[in-house]
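Here is a friendly walk through one protein model. Take a look at the picture first, and then we'll go through it piece by piece.

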Amino acid sequence: MENFQYYTPTKVVFGKGTENETGQLAAEQGCRKVLVHYGSGSVVKSGLLDRIYKSLDEAGIPYVSLGGVVPNPRLSLVYEGIRLCQRENVDFILAVGGGSVIDSAKAIGYGVADHGDVWDFYEKKRAAEGCLPIGVVLTIAAAGSEMSDSSVITNENGWLKRGYSSNYSRPRFAVMNPELTVTLPKYQTASGCVDIMMHTMERYFNHCTNMEMTDGISEHLLRTVMKNAEILMTRPDDYDARAEIMWAGSLSHNGLTGCGTDGGDWASHQLEHELGGMFDVAHGAGLAAVWGSWARYVVDAAPARFAKFAVNVMGVTPGSTDMETARRGIEAMESFYRKLDMPVCLRDMDIEVSEEQMRELAEKCSHFGKRTIGCIKKLDKEDMYQIYRNARG
């Protein structure tokens, strides 16, 4: 096993009606003025935003609002949020929504705490030295951003999708009421479940001598998500299934499933980021579409690890070799994606990728030939192109 640090400063308030505690939680942070950051009209139509405002009013906390966050959150809105916070002397950001809203809030927080261009952090030109404190009212179980140190932003100038991680951005608190996810469309629920699983799978696939405890947590988390994802496909109002999925989303990305590992692979995420930037696809769906092609491309570098995943997570019958078992596991995972009506190739999302676009995706994913990705097998620009090519379907 590898040495590790495990840091989870986020206070979690979990359960029915907990959004009504938001004002008190914000007051505990000693804030003087809050930016309430949110996405589309769903939080307005559902009455959630009004409940949040009421809670802040009752706690005597002034606030301003900025909506409009979209999936694959945009840098232009981040800039707008930075200017608003500076103009209104905001000292705390409350993200009401899912991963896109939280990621946008984190980027705004970095920008307010810094005097340069916030995009520099996402381009890895500079390191953040601070971030406005952030709280979360979670409405989508998927990204795990409510307890993580990471955020992903899309720059419309070139449609570059880039991530940045820093402990400065870990939320101070996360309000998690599974009831708030009940009205999500089936596709969004399924996409979120895939995202949760991938956050664990990216850490699981590595070349370490792994901790038995970490592997066991990861495998059980994956099986739990799979079980409850299938329940939600037919019983979307099942509170217990929603609760299992929501808590798994947080545990999948707060560092727990990476304790004692080398950090994992993350190539599938990097490959999908460029798909999201170019085609604006739902993150989880994009991950499902590219994962099988990635897995088949790298499996020969770690057949024993893939075989363990196949048996312990997917429940397949072992073959005569690790490679045979590993391939069965990949096929079983793709079959599971299909059960959720998730894509297993780009054509399943009605995306026809041209040769020129595949080359462009590989260029951007390799940062124009300046980096490799992955740890199971180091992937250069040509490898990335081949995986995109295989993922066409």
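Before we start pairing things up, one term: two strands count as paired if DSSP finds at least two bridges between them. Keep in mind, too, that this is a predicted model.

An open sheet is built from 6 strands, in the order 1-8-5-4-2-3, with parallel pairing. Strand 1 (11–14) and strand 3 (63–66) stand at the edges with a single partner strand each, so one side of each has no neighbour in the sheet. From one strand to the next, the twist averages 15 degrees.

Strand 1 pairs with strand 8 (residues 173–176) in the parallel sense, over 4 bridges. If you want to find this spot, look for V12, whose bridge partner in strand 8 is A174. Strand 8 is also joined to strand 5 by 4 bridges, and these two run parallel. Here L138 has M176 in strand 8 as its bridge partner. On we go to strand 4 and strand 5, which pair in the parallel sense over 5 bridges. In this pairing, A95 stands opposite V136 in strand 5.

**A closer look at strand 5**

How many residues of strand 5 are buried? The count is 5 of the 5, so strand 5 is largely enclosed by the rest of the structure. In a regular strand, side chains alternate between the two faces of the sheet. You can check that pattern here: I134, V136 and L138 point one way from strand 5, while G135 and V137 point the other way, and all are buried.

**Helices across the strands**

Helix 5 (residues 99–113) lies across strand 2, strand 4 (92–97) and strand 5 (134–138), and runs at about 165 degrees to strand 4. Helix 4 (residues 75–88) lies across strand 2 (34–38) and strand 3, running at about 165 degrees to strand 3.

**A patch on the surface**

Let's move to the outside. M1, F4 and Y6 make up a nonpolar surface patch, and together they have about 320 Å² of accessible area. Y6 sits in the segment before strand 1. With a relative accessible area of 39%, Y6 is partly exposed.

**Salt bridges**

Time for some charged pairs. A salt bridge here needs a side-chain nitrogen of Lys or Arg within 4 Å of a carboxyl oxygen of Asp or Glu. By this rule there are 22 salt bridges, including the ones in this table.

| Pair | N to O distance |
|---|---|
| D300 and K377 | 2.9 Å |
| R347 and E352 | 3.0 Å |
| E360 and K364 | 3.0 Å |

Take D300 and K377. D300 is in the loop between helix 11 (283–298) and helix 12 (303–312), and K377 is in the loop between helix 14 (355–365) and helix 15 (381–390), so the pair ties together parts that are 77 residues apart in sequence. K377 is partly exposed, at 24% relative accessibility.

In the next pair, R347 is partly exposed at 39% relative accessible area, whereas E352 is exposed at 55% relative accessibility.

What about E360 and K364? They are 4 residues apart in helix 14, which means that about one helical turn separates them. E360 is partly exposed at 32% relative accessibility, but K364 is buried, with a relative accessible area of 10%. Elsewhere, salt bridges with shared partners join D114, D120 and R126 into one network.

Definitions and conventions: Residues are numbered from 1 along each chain as its sequence is written. This is a predicted model: local features need pLDDT of at least 70, side-chain atom pairs count only at pLDDT 80 or more; totals for chains, interfaces and linings use all residues. Side-chain values use heavy atoms; hydrogens and water are left out. Axes are lines fitted to C-alpha atoms, for helices over the stretch in contact, and angles run from 0 to 180 degrees between N-to-C directions. Contact means heavy atoms within 4.5 Å. Buried means under 20% relative accessible area, exposed over 50%, partly exposed in between (1.4 Å probe, protein chains only). Patches are made of residues with over 30% relative accessible area and no salt bridge: like charges are joined within 9 Å, nonpolar side chains (Val, Leu, Ile, Met, Phe, Trp, Tyr) within 5 Å. Accessible areas come from the Shrake-Rupley method with a 1.4 Å probe; for residues, only the protein chains shown count as cover.
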